[in-house]
Amino acid sequence: MFEVLCFLLAIQRQAKEIHYHAKGDAFWGDHLLADRIYEDLDGLIDEIQENYYLGREEEAPSQRELLLNAANDVKDSSDDIKKDFEYLDILIAQCIAQIESIAEDDKNLTAGDNDLLGRICSDLQKKHGFLVRRIK
């Protein structure tokens, strides 16, 4: 789950990178799309920390550790917003793949864990759909 948390934080930060650096004719739409992708991730991150770690009476990862790991996946914005959105979509795809791997490999997941992972995947798939429409 640590990797999922790191991916979610990286997705958030990459979306804010786009949000703050959007420009040009499509500025307002790109700015709002980046916000839309950012939305709701705090709640999902919090649920992993509380339900997965604390619910198992395990120590949750520190914010510093999570942010340091997530920072490795965040890139500075480029002059090509389409490439920035493409990179954000790659992060989302990697996070979905990580979740699917956990769901397949971790035999100790509870029904609640599976539900949470499913909700995260559903949210990310919706965000992927928004990005595909923007990238085309």
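1. A charge sits over a ring if NZ of Lys or CZ of Arg is within 6 Å of the ring centre and within 35 degrees of the ring normal. Lys16 does this with the ring of Tyr38, its charged end lying 4.7 Å from the centre. For Lys75 and the ring of Tyr87, the distance is 4.4 Å.

2. A word on the basis of this note: this is a predicted model, where local features need pLDDT of at least 70, side-chain atom pairs count only at pLDDT 80 or more, and totals for chains, interfaces and linings use all residues. Residues are numbered from 1 along each chain as its sequence is written, and side-chain values use heavy atoms, with hydrogens and water left out.

3. Which aromatic rings pair up? Rings of Phe, Tyr and Trp (its six-membered ring) pair if their centres lie within 6.5 Å; planes under 30 degrees apart count as stacked, over 60 as edge-to-face and the rest as tilted. The whole structure holds two such pairs. Phe27 and Trp28 form a tilted pair, because their planes meet at 45°, with centres 6.2 Å apart. Tyr52 and Tyr53 are edge-to-face, because their planes stand at 90°, with centres 5.1 Å apart.

4. Are these residues buried or exposed (under 20% relative accessible area is buried, over 50% exposed, partly exposed in between; 1.4 Å probe, protein chains only)? Tyr52 is buried at 10%, and Tyr53 is buried at 9%. Phe27 is partly exposed at 31%, while Trp28 is exposed at 55%.
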